[in-house]
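Open the model in your viewer and keep the sequence panel beside it. The stops below follow one another as selections.

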Amino acid sequence: MAAGRSLERRALDKDELELVAKTHYPALRELGHTDINELTQRLRERRDRAREIANRRRGAARLGQGQAEPENSGMRQKAGVLAEALARLNKERTRREHKEASAALQSNARRALKLKRANARRSARRPGSGRTAHGGMNPVENEKAERIGSPMEAGRVSQFVRDAQGARDNRT
């Protein structure tokens, strides 16, 4: 479940709260590509630090060396809020990449259509090239090859060779 703004205010300090506020709409849409990359890097560093501290405190609490559970849960909440902010940034980055890819695909399709139409106009002024593949393939007899003997004779010879090879193989 997404963390509310009140949880963000409770779990984060002032600097972190400013960073996370940039990941909410409409401020997120106003960020540029480099701003998103920079913000992602800063949030990742803070999230990783919060996770590390929470894991260290959890280990210390398990060993009975001090730090109580409420402080650990505060760090866990901080890490969760920062992770949600990173998820929003990643989602926005993916949305922008898809939008750019779609725009590139559309421009390529328009360019291809333009080239096709230009080529169609150019080829309409030329005379036909004669026989082409558009009508499908036509069978062409090979005039060089002549049949040698009958198919029965060919079968008899190949069977004879097969039998002779088998006899040779049995001898060795």
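This is a predicted model: local features need pLDDT of at least 70, side-chain atom pairs count only at pLDDT 80 or more; totals for chains, interfaces and linings use all residues.

Is D13 buried, partly exposed or exposed? Select D13: its relative accessibility is 37%, so D13 counts as partly exposed. Buried here means under 20% relative accessible area, exposed means over 50%, and partly exposed lies in between (1.4 Å probe, protein chains only). D13 sits in the loop between α1 (5-11) and α2 (14-21).

Residues are numbered from 1 along each chain as its sequence is written, and side-chain values use heavy atoms, with hydrogens and water left out.

**The whole chain**

Color by secondary structure. The protein chain has six helices and zero strands; helices (H or I, at least four residues) and strands (E, at least two) are DSSP runs, numbered from the N terminus. Of the 172 residues in the protein chain, 20% are buried. Take the contacts (heavy atoms within 4.5 Å) in the protein chain between residues at least 6 apart in sequence: 67% of them join residues at least 24 apart. Switch to a surface view: the protein chain exposes about 14,000 Å², and carbon and sulfur atoms supply 52% of this area. Accessible areas come from the Shrake-Rupley method with a 1.4 Å probe, and for residues only the protein chains shown count as cover.

**Salt bridges**

Return to side chains. A salt bridge is a side-chain nitrogen of Lys or Arg within 4 Å of a carboxyl oxygen of Asp or Glu, and by this rule there are ten.

Select R88 and E8, whose side chains form a salt bridge at 3.8 Å, N to O. R88 lies in helix α5 and E8 in helix α1, so this pair ties together parts that are 80 residues apart in sequence. E8 is buried, with a relative accessible area of 3%.

Next, select E52 and R56, which meet in a salt bridge at 3.0 Å, N to O. Both residues lie in helix α4, four residues apart, about one turn of the helix. R56 is exposed, at 52% relative accessibility.

Then go to R95 and E92, where the closest N and O atoms of the salt bridge are 2.7 Å apart. Both lie in helix α5, three residues apart, about one turn of the helix. E92 is buried at 0% relative accessible area, whereas R95 is partly exposed at 30%.

**Surface patches**

Patches are made of residues with over 30% relative accessible area and no salt bridge; like charges are joined within 9 Å, and nonpolar side chains (Val, Leu, Ile, Met, Phe, Trp, Tyr) within 5 Å. Lys and Arg count as positive and Asp and Glu as negative, with His and the chain ends not counted. A charge is placed at NZ of Lys, CZ of Arg, CG of Asp or CD of Glu.

Select R51, R58, R62 and R76, which gather in a patch of positive charge on the surface. Helix α4 (residues 33-63) gives the most to this patch, with three residues. R76 lies in helix α5 (residues 69-124) and is partly exposed at 33% relative accessibility.

Finish with V157, F160 and V161, which make a nonpolar surface patch of about 290 Å². F160 is in helix α6 (residues 151-171) and is exposed, with a relative accessible area of 57%.
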